[in-house]
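Visitor: Please show me the model, and then I will ask about its interfaces.

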Amino acid sequence: MIDWLHPSLVLILGAAVLPLLPTGLRKAWMVLVPVTGLAVIFGLEPGEFGRVEFLGMTLVTGRVDELSLVFAYVFGIILVIGMIFALHVKDNVQHVAALTYAASALGAVLAGDLVTLYVFWELMVITSVWLIWRRGTEVSFASGMRYLIVHALGGVLLLAGVIVYYQTTGSIAFDQIEPASAAFYLILAAFLINAAVPPLHAWLSDAYPEATVTGAVFLSALTTKTAVYVLMRGYAGVELLMWLGVIMTWYGVVYAVLANDIRRILAYHIISQVGYMVCAVGMGTTLALNGASAHAFTHILYKALLFMGAGAVIHMTGKSKLTDLGGLYRYMPWTFLLFMVGAVSISGLPLFSGFVSKTIIIEAAAVEGRGLIYLMLLTAGAGTFLSIGLKLAWFTFLHRDSGLRPTEAPVNMLVAMGLAAVLCFVIGILPGPLYAILPAPIDYNAWTIGHVLKELQLLLFTGLAFFLLLGFVGGKNKIALDVDWLYRGGGRTAALAVRDRISATNARFRHKAMDGLSAWMARIKKRHGRDGKLARTWPTGSMAFWVAVLLASLLVFGIQQQ
Amino acid sequence: MNLGDLLEKLVRRGRLLSLITLALMACLVLADIIIPPDYVRFPWDGIGGFAALLGFAGCAFFIAVAKGLGVLLVYKPEDYYGEEHEHDPPSADRREHD
């Protein structure tokens with residue numbers, strides 16, 4: 001009798017069967033498997049389950065508590081929505097990858113020990129990369145390869161950290177990690193790579209825009225939020241994270257203003273939004289951690305909705321740059337409307353989900369009296385509305401007529417977007433159920449006159465500045481270099497230039513040395529060679545002189561010895 | 001009337017909508033000045049319209065910083081990395097439809 005069923009197992013088994021099914025049945029299976037997975041997740045009871053003895057260690061594959069449940073719920077929900085969005089896709093590799101990727105992310109948040117976490121962590125990388133590669137372009141292949149290499153590095157850091165942790169503490173339990181040990185920093189570095197914390201973030205803005213239309217939805221939801229979860233579990237209250245987080249919120253905004261590709265703008269805003277969560281983890285108070293959990297929950301929904309909207313545009317028009325788009329509201333009105341629900345949700349407009357979660361984190365900063373953090377987070381909110389709610393929406397759906405005449409997105413895409421949009425709206429007006437599943441009881445009301453007034457002023461006046469500066473914010477046919485420059489283009493060129501310089505210097509030095517050596521050899525030859533000075537017959541006087549020198553030196557050394 | 005037509009009508013009345021929004025914005029600032037704040041935790045908490053100022057200035061600031069950074073440092077031609085982005089054929093992605 002099975003007393004505990006791991007939801008990841010359901011998804012992995014479902015993924016294994018999927019390619020064997022005929023088309024009609026496969027579509028039903030694509031909905032049935034995630035719905036079953038979600039049902040299993042909703043049935044989870046708090047406790048520790050699925051213990052496995054392995055090499056003398058006890059692995060806990062299922063630690064179910066308030067914190068892991070928040071993430072498990074939303075992972076389950078987004079998997080259902082994402083699979084509906086991908087129903088029209090006939091490439092089974094993508095579906096299998098998506099299901100196993102979600103299974104791995106769930107496995108990671110339910111992992112009760114570091115070894116189990118490591119296994120699912122690595123599985124996440126090797127399953128998710130297919131969602132990038134299956135776009136089938138050269139750019140996506142190269143981008144996926146870079147994604148793989150960066151995450152492989154993260155995996156090695158995590159493994160090294162886990163080994164050091166085990167050797168120093170004798171335990172593999174995954175709880176708050178003791179600061180200032182080697183394991184602390186190794187594991188933190190691995191987590192920060194997955195959380196896309198600058199300067200370790202470039203894999204995200206490089207790879208996500210190159211993923212398949214449907215794959216990007218899963219990517220946007222799972223990897224970074226798993227990282228937020230593990231940071232909450234192991235690094236709550238580490239002040240460094242608070243500052244890194246607040247920098248992230250601004251970094252994402254600045255690069256989103258520069259970006260031209262619609263999904264790159266969204267990718268940079270994952271960094272910005274995850275920044276709020278990382279900042280809250282760094283603050284570490286109960287309110288802040290509740291805020292991070294709530295924001296992860298709402299963020300997954302609205303960000304997936306935005307990626308679905310942008311994906312629908314790319315799917316229907318074949319274009320992904322703002323400079324190629326415009327005026328689509330007339331032809332894809334439902335996509336536009338649903339996209340806007342995501343856009344106002346991420347911006348924190350009252351009535352939508354971001355408002356009830358982001359403001360918890362800002363409130364946590366205020367309660368702690370952290371004025372600078374408070375102001376920076378609030379301003380980043382203006383930047384979010386600027387790049388998603390205004391720039392992205394305006395130049396894609398409104399603005400000029402680009403001449404594109406797409407039809408509305410397929411029904412399955414609209415249904416998936418509709419589900420996400422309904423959740424964004426319902427959570428926005430009725431945050432109670434969300435607040436009820438947070439890790440700790442929460443005494444917070446987003447819907448005060450003060451909060452509503454503040455958010456509305458912030459966003460509407462951001463809009464005013466946007467329209468006054470409209471000439472400066474449009475997309476440009478350029479790319480903005482980021483940290484990946486170090487391993488991609490200029491950095492690589494610079495490294496190669498240094499290598500060439502070194503090898504040229506080396507060659508020149510050897511050449512000079514050889515020239516010197518030859519000249520020296522010539523001189524020796526001149527003196528000692530067959531016709532050299534020393535080879536000539538010496539006159540007797542010279543011999544007498546040298547004998548005198550020899551005797552004199554003998555005399556000197558002889559005296560010294562006595 | 002379908003949604004597209006409705007949106008079309010709204011867009012045609014863009015000027016009117018802008019004026020209504022501006023009036024609403026003025027009312028919000030006015031309300032913020034009149035209504036006393038919930039808390040006074042920071043020096044700016046009592047200032048009416050502070051969030052409006054922050055939104056406007058923040059937006060201008062981000063545009064200025066981003067464009068400055070772009071023009072001076074990070075903007076490069078699209079083929080900088082030697083990669084050409086091919087467009088997907090509309091609604092007929094090879095991977096998705098064969």
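Guide: Contact here means heavy atoms within 4.5 Å. This is a predicted model, in which local features need pLDDT of at least 70, side-chain atom pairs count only at pLDDT 80 or more, and totals for chains, interfaces and linings use all residues. Residues are numbered from 1 along each chain as its sequence is written, chains are lettered from A and ligands numbered from 1 in the order in which they are written, and side-chain values use heavy atoms, with hydrogens and water left out.

Visitor: How many residues of chain A and of chain B are in contact?
Guide: Each chain contributes its own count to the contact. Chain B takes part with 60 residues. For chain A the number is 84 residues.

Visitor: What area is buried between chain A and chain B?
Guide: Buried area is the accessible area (1.4 Å probe) that two parts lose on being put together, summed over both. Carbon and sulfur atoms give 67% of the area between these chains. In chain A, the residues that lose the most to chain B are A:Gln457, A:Phe461 and A:Ile479, together 10% of what that side buries. The total for chain A and chain B is about 6,200 Å².

Visitor: Which helix of chain A gives the most residues to the side that touches chain B?
Guide: Helices are DSSP runs (H or I, at least four residues) and strands likewise (E, at least two), numbered from the N terminus. The leading contribution to this side of chain A is 14 residues, from residues 449-468. That run is helix H18.

Visitor: Which residue of chain B meets A:Lys321 in a salt bridge?
Guide: A salt bridge is a side-chain nitrogen of Lys or Arg within 4 Å of a carboxyl oxygen of Asp or Glu. By that rule there are four across the interface of chain A and chain B. For A:Lys321 the N to O distance is 3.2 Å, and the partner is B:Glu78.

Visitor: What is the bridge partner of A:Lys478 in S1 of chain B?
Guide: Two strands pair if DSSP finds at least two bridges between them. Strand S3 (residues 478-480) of chain A and strand S1 (residues 75-77) of chain B have three, and run antiparallel. The partner of A:Lys478 in S1 of chain B is B:Pro77.

Visitor: What area do domain 1 and domain 2 of chain A bury between them?
Guide: An automatic or database domain assignment sets the bounds, with domain 1 at 1-230, domain 2 at 236-479 and domain 3 at 492-561. The centres of domain 1 and domain 2 of chain A, taken over C-alpha atoms, are 24 Å apart, and each of these two domains puts 41 residues into the contact. Carbon and sulfur atoms carry 78% of the area buried between them, which is about 3,600 Å².

Visitor: Which residue meets A:Glu210 in a salt bridge?
Guide: The interface of domain 1 and domain 2 of chain A has one salt bridge by the rule. The side chain of A:Glu210 forms a salt bridge at 3.2 Å, N to O, and the other residue is A:Arg264.

Visitor: Which residue does a cis peptide bond join to A:Pro198?
Guide: Omega of this bond is about 5 degrees. The second residue lies in the loop between H7 and H8 of chain A. The residue joined to A:Pro198 is A:Pro199.
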